[in-house]
Amino acid sequence: MARLELKSVGKSFGAVSCARDVSLAVEPGEIVAVFGPSGSGKTVLLRMIAGMFEPDAGDILVGGHSIVDAPPEQRGIGMAFQNFALFPHMSARDNIASGLRARGAGDIAAKVTQMSRLLKIEHVLGHRPRELSNGQKQRTALARALIGNPEVLLLDDPLRNVDAKLRYEMRLELPSLLRRSSAAVLYVTQDYREAMAIADRIAVLIDGRLVQVARPEEIYARPASVAVARLFGDPSINLSEVAPVAEQGRLIAAVAGTQIRLDADDVPSGARERCWLGVRPDDVVVTRQDGEGAIPARIVAITPLHERAVVLLRFADGSEWLAALAPEALDAGADEDVFVRFAPEAALLFDHATGDRIGAPPRRQAA
Amino acid sequence: MDHSSLAGRIFRGIALSLVLVFFMFPIVWILLMSFQTNEQILRIPPRILFEPTLANYEALISGQLRTAAGNLQIEFMRNLMNSFVLSSASVILALLLGVPAAYAFARFKFKLGETIAFTLLSFRFAPPLLVLLPLSLYYQQLGLNDTYFGIVWVYQLIALPLILWIVRGYFEDISPDIEHAYRLAGHSWREAFTRIAVPLAGPGIAAAGLLSFIFCWNNFVFALILASADKQPVTVGALAFVTASGIQYGQIAAAIVLSVTPTLLLALYAQRYLVEGLSLGAVKG
């Protein structure tokens, strides 16, 4: 099996730049999620690998060989599309078998049966795409992408157009299914949860640039920038503007008028002009007890959200934070005065100008 | 539709009948005329009941037109055959040229693409008579006057833009991802075109082909100028019925019946595709 490697790939359409100096390597058997907001260039990146667009700069290698000049049919790539892109005039069976037939593979019927059993679509093999449910279409498209044992597998937001229940099911099934193939898998998604559930590593793409490539836990815990921190987490991270100062080897910052001690482990000592302080709503504790590092606040609203409640808090200076906590952990109601704390290690500091996390290692290129 | 009241259904029935009579009456009248002699047709008042005669059809098929001024040779069957050959050849040629061109216009952005597509469409705006004079001069120079090929070529002005523009819309409606998926499965672009794009645009291609066949069949002025008697289609051949001894209404009617029949049968057969095809392209967002 072969490694997929992007080397400083660049692409622009007119004045719009869709990929800038993108370098990324995916090992055989590895699943890398390309995650980013819509319009960040995820799909364009995938389509360059598949051969629908030609990169303006850089190179794309599969197993050490450049594929940039090869037509799509010779690249050895399997792809599942967001809109399924099934052949409407062929049965599900013919859809799945099309690749095998084109390559003159033997024992097509047995392979199709095996693959469809794996994806639980055996009973609809004779149906045309329009007679299939969205879930079945999606599984047919996956089967079609997987069956040829491609060296590189590209999945373009394959769960976008299926309903929520099926999406959960597929999030559980997909990793093992994809690992069977031992292909290098690039998985495009706009849903950070899906990226975290499926991928070994996540490549965060913002405005055509890879901002961070790391394991899911690492991206969540140590986002490379404010933008990455905002994209991961629902409700999204609380941000306050602070000007921290060093005191006795500790970093102290005023949040809404209260002095808070921040964890200084990977924060360089010395005063900073202005920073963004980020605290995830999950790390925010709401209590009635005052104490050191407790910020007075008022509960503005409580939104019950299945297993947790999201609490909108307003500080004395008018700024607002969100806290996400188990309903039983909250002993106060709306319009009550409370105190807000968070653990020093939960605090993330970002440079105000660049948005980069302070203390973050320099941006990595090819991981 | 099912839950309408009785009055509503009766009203709808009457309205439909009126529309049907309005559109069908001329055709029915022509059909009746084709079984009457000239004297019967010109009788005032006209009669619905008459003694039918097959003389008109006999005259057309045998090519002998008997008039008061004597016997006249007419080439109606030959004209009919010419119409058939010219229209079919034109549509086949236009499909061979137009379908790949429509695909190119739908799938690729290239320099002057829109301009070329619009220029091709603009051939349909120009009054044919305007084009005919220079065209006939060119044709005389090139030796294309009075050849089947020359007429088929000039019929491309009718058929090609029609096919290009209708079929282009169909290709644009097919998600390019379907073709991408087919190519990634290991097929060349040529296979993606012939096995994915063309079959999926099938109803549109059929509708466009049928429409251009009808337009070619009904064309009069190109063939009138550019073809001599032995290559003329029925539309021009019908002029022969205006004879020195008067207009042969009976034979004209029979000729119309015979010349309308092929396109009518074709349209009836392809009606399903035609309606589906023409509406699909327009409605799908």
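The model is predicted, so local features need pLDDT of at least 70 and side-chain atom pairs count only at pLDDT 80 or more, while totals for chains, interfaces and linings use all residues. Residues are numbered from 1 along each chain as its sequence is written, chains are lettered from A and ligands numbered from 1 in the order in which they are written, and side-chain values use heavy atoms, with hydrogens and water left out.

**Exercise 1. Describe the interface of chain A and chain B.**

Step 1. Count the residues in contact (heavy atoms within 4.5 Å). Chain A gives 21 residues and chain B gives 17 residues.

Step 2. Find the buried area, which is the accessible area (1.4 Å probe) that two parts lose on being put together, summed over both. For chain A and chain B this is about 1,500 Å², with 66% of it on carbon and sulfur atoms. On the chain A side, A:Glu73, A:Phe87 and A:His89 lose the most area to chain B, together 32% of what that side buries.

Step 3. Look for salt bridges (a side-chain nitrogen of Lys or Arg within 4 Å of a carboxyl oxygen of Asp or Glu). There are 2 salt bridges between the chains. One of them pairs A:Glu73 with B:Arg183, whose closest N and O atoms are 2.6 Å apart.

Step 4. Count polar contacts: pairs of N or O atoms within 3.5 Å, where within protein one must be able to donate a hydrogen and the other to accept it, and residues adjacent in sequence count only if both atoms are side-chain atoms. Between chain A and chain B, 6 residue pairs are in polar contact (both at pLDDT 80 or more).

Step 5. Helix H1 (42–50), strand E6 (77–80) and helix H2 (92–102) of chain A each supply at least two residues. The largest share, 3 residues, comes from H2(A).

**Exercise 2. How are the domains of chain A placed, and what lies between them?**

Step 1. Take the bounds, which come from an automatic or database domain assignment. They give domain 1 (4–225) and domain 2 (238–351) of chain A. The centres of these two domains, taken over C-alpha atoms, are 40 Å apart.

Step 2. In chain A, 6 residues of domain 1 are in contact with 5 residues of domain 2. The area buried between these domains is about 430 Å², of which carbon and sulfur atoms give 47%. In domain 1 of chain A, A:Tyr220, A:Arg222 and A:Pro223 lose the most area to domain 2, together 75% of what that side buries.

Step 3. The count between the two domains of chain A is 0 salt bridges and 2 residue pairs in polar contact (both at pLDDT 80 or more).

Notes
Helices (H or I, at least four residues) and strands (E, at least two) are DSSP runs, numbered from the N terminus.
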